[in-house]
Amino acid sequence: MSILSVDSISVEYQTLSDAVRAVQGVSLNLKEAQILGLAGESGCGKSTLAKAILRLLPETGIVVSGKINFKGKDLLRLSTSEFRELRWQILAYIPQNALNSLDPVYRVGDQVVEAILAHERVSRNAALDRARQLFSNVHLDERSLRAYPHQLSGGMRQRVLIAMAMALDPPIVIIDEPTTALDVVTQAQVLSELISMRNRTSSGMLYISHDLGAIRQLCNDVAVMYAGLIIETGNVGDIYGEPLHPYTMGLLNSVPKSRGAKRLVSIPGAPPNLRSEIQGCAFHPRCPFRDTRCVKETPKLYEISQTRSVACHYHHKAKNFRILAEDPNIWQMPEPREAVMSDFKEDIVP
Amino acid sequence: MGSQLSESGIVRSSKPGGVRSSVVRIRSTKDFISREIKRIRQDPLALSGAIMLLILVLLAIFGPFFAPYDPWEPQYSETGALRLTPPSAQHWLGTDSNARDILSQLLYGSRIAVGMSILAASMIVFIGTLIGLTSGYFGGAIDAILMRITDAAFVIPSIPFVAVLVALTRPSLFNIVFAITFLYWRSSARVVRGQVLSLKERPFVKASRASGASSFYIIRKHILPNVLPFVTFYAAIGVQGAVIAEASVSFLGFGDPGLMSWGKMLQYAFAIGATRVAWWWVIPPGTMISLLVLSVYLLRRGYEEVVNPRLIRGQR
Amino acid sequence: MTRFILKRILQGILTAWVIVTILFIVFRTMPGDPTYFLVDPELPEESRELVRERLGLNKPLATQYFIYLSGLAKGDLGESLWYSVPVSTIIGEKFFNTLILALLAFVLQYSLGIIGGIVWAATRRSRFESVSTIFALGVRSMPQFWLGIVMVMIFGVALKLFPTSGIRESGYVANTLAEKYLDLDFLHHLILPVAVLTLSRIAIPMLLLKDTILELYGEDFMDLIKAKGVSRVKELWHAARNAFIPIVTTAAISLGTALGGQVMVEVVFSWPGLGREIIASVSRRDYSMAQSSFLLLSLTVIGFNLLADIAYRYLDPRISET
């Protein structure tokens with residue numbers, strides 16, 4: 001029961017001089033009651049993808065190709081008013097940085113009521129009652145309804161956003177980095193609210209974050225993005241236990257694990273410039289396992305199984321890579337050692 | 001503190017919403033200039049403003065050479081003095097009540113308007129920046145005193161005060177410029193001070209201090225270039241204010257008697273009562289003043305965002 | 001809130017005192033003999049001396065200052081050397097005349113300007129926006145006195161729709177407040193100067209509102225509002241409601257600047273207000289009158305700034321009461 005099907009979406013930001021390819025040919029499938037995590041570092045295009053789905057792209061952002069299907073309808077083809085009807089009722093949004101996301105001159109309760117009244121013909125009192133209920137679901141006191149955004153703490157504001165998103169019980173909720181602007185303690189609180197929300201409803205959620213720990217706790221499946229592309233997908237257990245893409249391995253290395261004192265490793269270098277056409281694998285300049293094929297040939301998303309895919313030419317060597325990836329020295333190499341590849345001469349399967 | 005307000009820019013934070021912290025660090029004067037040129041080229045309004053201003057400056061420099069007549073000489077024809085004649089082939093903008101050619105007056109007047117306003121703006125900016133820098137960087141008692149004075153300056157009605165100051169002294173152009181400067185440095189001082197205060201806390205300044213750089217060096221190398229956008233903005237406002245102030249003061253009769261400025265032309269017309277009919281005398285000088293002010297407006301439009309301190313959010 | 005108000009009032013008084021002192025210094029050091037107009041030049045120097053003494057001009061500056069300050073505290077503004085009556089008796093009416101013009105123009109400027117600004121922001125097609133911006137800035141760039149002259153030429157002289165100067169027809173005897181101001185002739189005289197003042201400055205709130213609203217559309221909270229699927233009108237209103245904050249802030253400062261520049265319109269239209277009086281008194285070296293008029297004008301500006309500060313605190317719920 002797929003409720004949202006993103007089909008080969010490409011998004012560009014057009015400036016006066018050039019175009020930035022923020023999202024390139026991304027496809028996703030969100031099922032009912034599924035929590036899909038979208039992981040990746042800043043600038044990889046995950047927020048852009050979310051905005052594209054929600055039609056919140058700035059004027060410079062254009063969806064150049066692809067479809068977004070909901071119940072057979074291509075959302076991109078809907079008119080503004082048709083889409084407006086869908087908003088919030090079908091597609092809800094929990095943005096990051098709650099202080100900036102709430103209107104500073106209106107009380108938060110009124111802002112939730114506004115969301116309800118925009119789509120349902122109920123009395124204001126009825127809407128207020130529902131808001132009260134929604135607030136209590138996220139452990140917010142009734143008094144908070146009358147507060148202004150700046151009067152609430154960061155965690156409380158984020159919970160307001162969660163409550164507001166569930167106001168119309170939408171089948172799809174897009175959650176964009178809700179814990180970024182918060183301190184660690186509050187992050188944990190908000191995460192627990194999200195988990196209880198997940199347990200309460202059957203909405204499908206697209207959870208966008210660079211926080212791999214949070215994704216692991218909340219999501220069923222994960223898609224990893226890099227430089228505007230999906231480079232690996234799978235369920236949570238597979239991705240965290242047996243990552244197939246070197247980038248995923250590097251990402252996981254930089255997450256402190258609770259057991260064992262492993263040294264934290266970071267991936268040297270920076271993501272590629274999205275203004276120019278990328279040659280070969282987008283990750284190859286930073287990949288310790290690259291070779292000439294990676295430089296020249298862009299890997300497609302190889303489907304390993306129904307739920308598993310990876311964009312790496314050498315995914316069959318993933319097991320070996322994983323072992324090597326735990327060594328921090330591998331990640332400091334400016335050039336890949338020829339010896340690395342020759343180590344596996346016997347395993348090479350063209 | 002008194003209200004930190006200026007008319008065109010909101011000095012105190014009034015911007016709702018979050019702070020878009022796209023605070024660009026300007027590394028040097030050259031960096032600033034190249035940014036500016038790029039911005040102007042990309043904005044059609046700013047570009048038209050720049051062209052207009054360029055034409056006016058050229059007019060100011062070369063105009064008087066092309067003036068067909070001496071602006072002070074009464075003009076005669078066979079029938080007698082050409083008083084108050086409408087535009088004709090010999091006098092494209094007609095003549096005034098003293099039979100003087102209006103086009104020539106206009107051209108000579110451009111030199112006064114452009115020159116005086118640039119001079120006044122420079123002085124305003126220089127003093128305002130100096131005070132703002134000193135007040136902001138050194139703080140303490142100096143800051144308190146200077147800001148109190150600025151507060152008072154904000155509240156005094158400008159045109160009447162300039163008129164009074166000029167009436168105190170001799171009505172010469174320099175005194176007019178001086179009087180204008182005396183009052184108009186207030187806005188730039190306040191904003192520069194605010195910017196210096198926030199710059200003082202930025203890492204690269206703190207690092208500089210930590211490594212023992214002298215105050216003078218820090219101000220010159222780090223603070224000044226980053227204050228430049230504000231300085232240029234207020235220079236622009238200074239030009240506009242000076243043009244209008246000079247025209248107004250001359251119109252009131254306190255202008256420099258030896259100079260034929262655009263405001264002076266209008267004063268003559270009004271005093272004679274010719275403003276009721278002599279549209280050729282009234283329209284040109286006013287239009288020129290408006291164009292000069294407008295060109296600067298168009299140029300500085302793009303600045304409002306930079307100068308509107310979302311950077312200085314919520315501080316009184 | 002009350003503490004804030006008190007604090008601001010105190011600051012206002014301090015500023016007022018600074019201004020009183022500045023004005024005193026400026027006016028008393030004016031070259032030119034104030035007795036020039038009062039005493040027949042034929043008369044011997046002694047009579048001039050007598051007049052000077054009577055007016056207290058002989059005493060050292062410091063003494064004059066204290067006399068003046070104590071007089072002010074009692075409400076005594078001195079005597080007008082030109083009109084030969086106490087300043088306080090005539091300054092009231094002039095002040096009122098100025099206020100009527102200023103407040104009326106201000107109300108029109110901001111109400112029409114805000115509506116115009118919102119409508120402008122709602123219809124944002126780029127060519128229209130550029131052209132209308134230039135037009136609005138163009139009017140804003142015109143010297144007010146010139147705009148006045150031009151409008152007199154068109155509407156007063158050519159079309160003969162409005163009177164071209166003065167506050168009412170001469171020869172009209174008006175004694176009570178009602179007779180003076182609730183009168184059609186007065187209103188008829190009021191229209192053109194108010195129109196000039198309004199037109200000249202209406203671009204300020206209009207442009208500010210339009211620019212602020214359009215900028216706000218890029219802010220994060222507008223994204224969420226859009227995502228909620230509210231109507232376009234509601235969306236616009238959210239932006240406008242936030243945009244009001246900078247409007248209020250600039251409104252008072254705008255009024256202050258407007259008051260300062262109003263002198264030009266008063267001169268062009270021979271409107272008997274405070275601004276015109278300042279200029280006239282300065283020319284006549286009637287410094288009690290000039291000083292008092294100036295002071296009154298400055299105090300008004302201080303008052304309006306105070307009101308704006310209070311209104312701003314009230315409008316923006318983020319400002320806490322410290």
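A nonpolar core is a set of buried Ala, Val, Leu, Ile, Met, Phe, Trp, Tyr and Cys residues joined through side-chain atoms within 4.5 Å, where buried means under 20% relative accessible area with a 1.4 Å probe and protein chains only. The model here is predicted, so to speak of local features takes pLDDT of at least 70 and side-chain atom pairs count only at pLDDT 80 or more, while totals for chains, interfaces and linings use all residues. Residues are numbered from 1 along each chain as its sequence is written, chains are lettered from A in the order in which they are written, and side-chain values use heavy atoms, with hydrogens and water left out.

The largest nonpolar core has 140 residues, and B:I180, B:F254, C:F27, C:F145 and C:I213 touch the most other members. A second, separate core holds 114 residues, among them A:L49 and A:I330.

Back in chain B, B:I180 is in contact (heavy atoms within 4.5 Å) with B:M116, B:I124, B:V162, B:A242, B:A245 and B:E246, leaving aside neighbours within four places in sequence.

Over in chain A, strand β10 (residues 229-235) is mostly covered, with five of its seven residues buried. Strand β9 (residues 221-226) of chain A pairs with β10(A) in the antiparallel sense over six bridges; pairing takes at least two bridges found by DSSP. Here A:V222 sits opposite A:G234. Two residues lie between β9(A) and β10(A) in this hairpin, and A:A227 in the turn has a positive phi of about 50 degrees.

Terms used: Buried < 20%, exposed > 50% of the residue type's maximum accessible area, 1.4 Å probe, protein only. Helix = DSSP H or I, 4+ residues; strand = E, 2+ residues; numbered from the N terminus.
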